[in-house]
Number of protein chains: 2
Amino acid sequence: MTHPIIESFLRHSIERKDYQVVRQFLEEFQPADLCDLIQQEPLPTALDILKFLSYERRASVFGYLPNTLQEQLAAEMSDDDVSLLLKHMDADEGADLLNLLPEERHDGVLRSIAKKEREDLRRLASHSEGTAGAIMTSDYAAIPAHVKVSEALNIVRTTAPGAETIYQIFVTDGQHQLLGTVSLRELILAPQTVKIQDIMTTDIVTVSVDAAQEDAAKTISRYDLLALPVIDSESRLVGIITYDDAMDVAEAEATEDMHKSATIGNLEGNFRDARLLTLYRKRIVWLILLVFGNLFSGAGIAFFEDTIAAYVVLVFFLPVLVGSGGNAGSQAATLVIRGLATGDVDLKDWGRLLGRELVIASGLGLTMAIAISMVGHFRGGDEIALVVGLSMVSIVIVGSLVGMCLPFILNRLGWDPATASAPLVTTIADSAGVLIYFSIATAILGLPV
Amino acid sequence: MTHPIIESFLRHSIERKDYQVVRQFLEEFQPADLCDLIQQEPLPTALDILKFLSYERRASVFGYLPNTLQEQLAAEMSDDDVSLLLKHMDADEGADLLNLLPEERHDGVLRSIAKKEREDLRRLASHSEGTAGAIMTSDYAAIPAHVKVSEALNIVRTTAPGAETIYQIFVTDGQHQLLGTVSLRELILAPQTVKIQDIMTTDIVTVSVDAAQEDAAKTISRYDLLALPVIDSESRLVGIITYDDAMDVAEAEATEDMHKSATIGNLEGNFRDARLLTLYRKRIVWLILLVFGNLFSGAGIAFFEDTIAAYVVLVFFLPVLVGSGGNAGSQAATLVIRGLATGDVDLKDWGRLLGRELVIASGLGLTMAIAISMVGHFRGGDEIALVVGLSMVSIVIVGSLVGMCLPFILNRLGWDPATASAPLVTTIADSAGVLIYFSIATAILGLPV
């Protein structure tokens, strides 16, 4: 959305101190686009651009920036500047920023913030990462149950400027217990004299403050909510999670799962800007584990050295046979992992899915066996054709079952099913494939083990 | 969310004709939960349950159901019943349902629907699948620019029951040109006598009716929109896409990309309920292609038969060496593919990412080479250790570069970068690995090719 010409114009104007021009120019941008612009500039220019924005826009743009950049920028700012940001940011984003600051700056940046907001920020910042509490905001619109619609609208009007959304309004009692919800749409349409308790919805979907944030995001998506109320262990309303945060969580979760599917550790922030050492560390762990896993295949091959020496043509088919088992297994694992992540598949479906996979894998294996047998026939004769055909069916079935079961087994062990990555499934299927192939070969070709 | 006891109670009550009880009982459910319940029942019971719901709830629940089930249920319903559904469904969901019906039923089900709505439905149903037009709804709230806030609120109140959202209101002129937007929040807060044209936002993010729906979803997520206006080629407002539809699109896109990463074709609907033959067809295509791809590795091995015969120990290291190249390559490909999908990575970053990958892959390769050299030393002596160590570094670097470049190359050829699946990268890396390994071995061990 940005462009080199825009950037050079901007830098030029800043250097020439055409502040009026800069300000006018920056007014034109959407916050998300300004965020792109800032990310592409060196730190001092980024700080300059921020300074030209009104407090509200500055806070909004700052909240959009990736954590690493927020951290770098905040390190260059005075306590007063950070304080100004915190005052104008949404409470949930402010709490995230507070968490990025070194502990010793907390008192300094919070000093000039009003007591209630300060306590809010500290409380929001205290929830552990990955929980609903860590992404919720305390800026919600709340009304009592006994007021009339007209009074409720007045309360909303008064609290609106601070609230993250006023389209979903929460009905609470004096002890912050959540009694019901009412949408602004309902308030607008209802007769002005009706009491809130007579129109509010009492059948409310909530999430616990300790719940995983992906569960909160899934709930929002499942029930098409604008905002999901978050309650503590005593059913008190402590915050809300809005749909836009749920979208971000869902995207981050999908990214994490895709990375896991290729044995990449959880990478926070943008891949393009990640540090080289971080990327190295996120990738090396599983690569090394798989090196040792793959040695089993090697050991299997070594065990059948005599068979290989007698029929060197067998080695020609080794990569395609073991590779096919891994490929079919990766397909099965991916289908299950994504199904579990979206909620399309449930853990209790395990038996049924296994039965279906057996049928499908047999079909896949047979088709591939026919293809490879023809190659086997031309390259090594009928016996070889039989060996590679039988091996293909068996290996594809075994590989598929490994891929289908592994996510469920890992889940049972308390691991993320997405850990059943394609490379892990492939490595296991490879070892199994070597054993199956050479066992069938030794049996049919009548060789000594 | 449902439970066998609930289901048996429900079926029992239907059989005993305790209709009052059934109705009361069904009232308790959220639409999304009712949808789960219906999916688990046989078709006749599902139809019964639907009949017990009020028209509004029936339409809302029906819209939640997967397409295949909607199709089956509609086939069992009379034209009048379907017509009732269409009348109460959101326009976008109604259009989808219309597309599921056989052409010859269209006139029948549309006959009793008012002319304007009928034309709306036909127009919405005419947009090709995958475009913004296909997921938009024409039920938006529109106001003219010259009215005062108080009048605008009255217009919104009148149109509210039909509109999918009234929180984002669109300002249009007599020719349906989009002039600006105003949020309900702004309307509520603004003085009643101000004119809309003085408070509306004119800097509007829009999407074309022909745009890909994932682009629309990305725009909604990027700018945190509640509703994105859709315009035709003459800048007329033709519909809106709401955030909840964007969430569904984003989830479906992530699923499609994950499936592609394991060579599974685009699977519509739920994997658990997909037909066996469909799953077979979605999986077999790439498996067969990869069978022939893997034959290259076999041919490579056959070419070096003499080397293998002289040093059978080399075969022991074959799986781990070629496997490592594929694993590192899959990691690189996945990082790029997901980065491109989320917009974190841009096509123009190609050169920079390649340079970074070269550094990281060298680091990964060296670490893995040290590990495998030690095994090589114990198993085959120093010369073998040198061969496998050197091969490891080279293979990991080549595999990583293949994984990094393939998505960009495919994109250049007009393919989806996600086609650079782990199995495809692995198959290419395998062939390269075989050649690299045995070339290094023949050179160092001084063997004839």
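Which residue is the bridge partner of Y140(A) in β2(A)?

1. The partner is T165(A), which lies in β2(A). As this is a predicted model, that pairing and everything below should be read as a description of computed coordinates. The bridge belongs to a parallel pairing in which β1(A) and β2 of chain A, the latter spanning residues 165-172, are joined over three bridges.

2. The two strands form part of an open sheet of three strands in chain A, ordered β1-β2-β3 and mixed in its pairing. Because β1 (140-143) and β3 (178-183) of chain A each have a single partner strand, they stand at the edges, and one side of each is left without a neighbour in the sheet. Direction ignored, neighbouring strands of this sheet are turned against each other by 35° on average.

3. Helix α12 of chain A, residues 149-159, packs on this sheet and touches β1 and β2 of chain A. The direction of the helix makes about 150° with that of β1(A).

4. In chain B, attention may turn to another sheet. Here too the sheet is open and the pairing mixed, with three strands in the order β4-β5-β6, and the edge strands, β4 (207-208) and β6 (237-242) of chain B, each pair on one side only. β4(B) and β5 of chain B, the latter covering residues 227-231, run parallel and are joined by two bridges; within β5(B), I231(B) is the bridge partner of S208(B).

5. For the overall division of chain A, the domain assignment gives domain 1 at 4-126, domain 2 at 140-242 and domain 3 at 276-445. The centres of domain 1 and domain 2 of chain A, taken over C-alpha atoms, are separated by 30 Å.

6. An unreviewed UniProt entry places the feature "domain: CBS" at residues 136-199 and 200-256 of chain A. Residues 136-199 of chain A are 33% helix and 28% strand, with end C-alpha atoms 26 Å apart, whereas residues 200-256 of chain A are 42% helix and 23% strand, with end C-alpha atoms that lie 38 Å apart.

7. For "transmembrane region", the unreviewed UniProt entry lists residues 284-304, 310-337, 358-378, 384-410 and 422-447 of chain A. How much helix and how much strand does the chain have over residues 284-304 of chain A? The values there are 95% helix and 0% strand, and the end C-alpha atoms are 31 Å apart. Over residues 310-337 of chain A the corresponding values are 93% helix and 0% strand, with the end C-alpha atoms 42 Å apart.

8. The contact itself draws 108 residues from chain A and 108 residues from chain B. Between them, the two chains bury about 10,100 Å², of which 64% is on carbon and sulfur atoms. On the side of chain A, the residues that lose the most area to chain B are R185(A), M258(A) and R283(A), and together they account for 8% of what that side buries.

Methods: Residues are numbered from 1 along each chain as its sequence is written. Chains are lettered from A and ligands numbered from 1 in the order in which they are written. This is a predicted model: local features need pLDDT of at least 70, side-chain atom pairs count only at pLDDT 80 or more; totals for chains, interfaces and linings use all residues. Side-chain values use heavy atoms; hydrogens and water are left out. Domain bounds come from an automatic or database domain assignment. UniProt positions are given in the numbering used here, feature names are shortened, and annotations may be inferred rather than shown by experiment. Helices (H or I, at least four residues) and strands (E, at least two) are DSSP runs, numbered from the N terminus. Two strands pair if DSSP finds at least two bridges between them. Axes are lines fitted to C-alpha atoms, for helices over the stretch in contact, and angles run from 0 to 180 degrees between N-to-C directions. Contact means heavy atoms within 4.5 Å. Buried area is the accessible area (1.4 Å probe) that two parts lose on being put together, summed over both.
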